Structures are given as structure tokens and as C-alpha cells.
Amino acid sequence: MRSYSNAPHGHSMIARLGGTVAEIVGDAVIVDVNGVGYRAQVSLQTFAQLPPLGEKLFLQIHTVVREDDLSLYGFLSDEEKYFFQKLITVMLGESLESAFQ
């Protein structure tokens with residue numbers, strides 16, 4: 001099985017969450033980790049596989065930190081997280097390239 005641990009963007013502040021499903025809000029899930037609720041945006045693929053409320057959930061997390069925001073993107077597999085990171089790398093590269101023209 002291929003390892004996706006060498007994904008781009010270095011080390012995340014929050015790399016993984018394990019807890020229980022507290023809420024499902026739109027395209028996000030609130031994971032209760034020892035009384036603290038973490039909101040993670042999830043893909044349609046992950047959303048379709050979320051366990052019911054109150055059940056255990058483990059997500060691989062991609063963390064985005066901005067000046068005024070900290071966003072978490074959750075995935076059920078390392079593979080899905082890896083491809084998401086590749087996609088945003090390409091999109092960021094295209095944005096930077098167009099900014100220089």
C-alpha cells in the first residue's frame with residue numbers, strides 16, 4: 001500500500017482528529033474531542049461515509065492558517081488528503097503564475 005505521508009505543505013498544526021460526531025452542518029462535521037468541538041469541512045466522498053451522530057470518527061486533517069482564519073479540511077483517508085493537497089498546490093501555482101503576468 002502506498003504511503004501518502006510525504007504530502008506537500010510540511011507539517012500541519014492539526015494533522016488528525018479523533019473523537020465523536022457531534023453535528024453535521026452543511027458540508028462540515030463537528031468532531032467532539034474531549035469536550036472541544038472542531039469544525040472540519042469535508043469532501044462529498046468523506047461526507048457520504050460519515051458515521052451517525054455520537055459514533056467515533058477519525059479524520060486526516062489539512063490545516064489552513066490565515067491572518068483572520070484557521071480552517072480544517074477533513075478526510076477519511078490519507079490518499080484523499082494527499083490528492084487534495086496536490087490539487088491546491090496546482091491551483092495556488094496557477095494563481096501565482098497568473099498574478100505575475
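This is a short tour of the structure above, one selection at a time.

**Before you start**

You are looking at a predicted model, in which local features need pLDDT of at least 70, side-chain atom pairs count only at pLDDT 80 or more, and totals for chains, interfaces and linings use all residues. Residues are numbered from 1 along each chain as its sequence is written, and side-chain values use heavy atoms, with hydrogens and water left out.

**Stop 1: the barrel**

Switch to a cartoon view and look for the strands. Helices (H or I, at least four residues) and strands (E, at least two) are DSSP runs, numbered from the N terminus. Two strands pair if DSSP finds at least two bridges between them. Strands of a sheet pair through backbone hydrogen bonds, either parallel or antiparallel.

In what order do the 5 strands of the closed barrel run? The order is 1-2-3-5-4, and the pairing is mixed. On average, neighbouring strands of this sheet are turned by 55 degrees against each other, direction ignored. For such angles, axes are lines fitted to C-alpha atoms, for helices over the stretch in contact, and angles run from 0 to 180 degrees between N-to-C directions.

**Stop 2: walk around the strands**

Select residues 16–25 for strand 1, then 28–33 for strand 2. These two strands pair in the antiparallel sense over 5 bridges. Pick V21 and you will find V31 of strand 2 standing opposite.

Now select residues 69–75, strand 5. In which sense do strand 3 and strand 5 pair, parallel or antiparallel? They pair in the parallel sense, over 3 bridges. To see one of the contacts, select Q41 and its bridge partner Y73 in strand 5.

Finally, select residues 56–66 for strand 4, which pairs with strand 5 in the antiparallel sense over 7 bridges. T63 has L72 in strand 5 as its bridge partner. A hairpin with 2 residues joins strand 4 to strand 5.

**Stop 3: the turn at N34**

Go back to strand 2 and strand 3, which form a hairpin with 2 residues between them. Select N34, in the loop between these strands. N34 is not a glycine, yet its phi is positive, at about 55 degrees. Is N34 buried or exposed? It counts as exposed, because its relative accessibility is 78%. The scale is this: buried means under 20% relative accessible area, exposed over 50%, and partly exposed in between (1.4 Å probe, protein chains only).

**Stop 4: a salt bridge**

Side chains of opposite charge can pair when their charged atoms come close. Show the side chains of D69 and R66, which meet in a salt bridge at 3.9 Å, N to O. The term stands for a side-chain nitrogen of Lys or Arg within 4 Å of a carboxyl oxygen of Asp or Glu. A search of the whole structure finds 1 salt bridge. D69 counts as partly exposed, with 31% relative accessibility.

**Stop 5: aromatic rings**

Rings of Phe, Tyr and Trp (its six-membered ring) pair if their centres lie within 6.5 Å; planes under 30 degrees apart count as stacked, over 60 as edge-to-face and the rest as tilted. How many aromatic pairs does the structure hold? There are 3. Select Y82 and F83: their ring centres are 5.2 Å apart and their planes stand at 80 degrees, so this pair is edge-to-face. Y82 is buried at 11% relative accessible area, whereas F83 is partly exposed at 43%. Then select Y73, F75 and F84, which form one aromatic cluster.

**Stop 6: the helices**

Select residues 44–48, helix 1, and find Q45 there. Q45 is partly exposed, at 48% relative accessibility. Draw a line from the C-alpha atom of Q45 to that of E80: they are 35 residues apart along the chain, but separated by 8.9 Å.

Move on to helix 2, residues 78–99, and pick E79. E79 is partly exposed at 40% relative accessibility.
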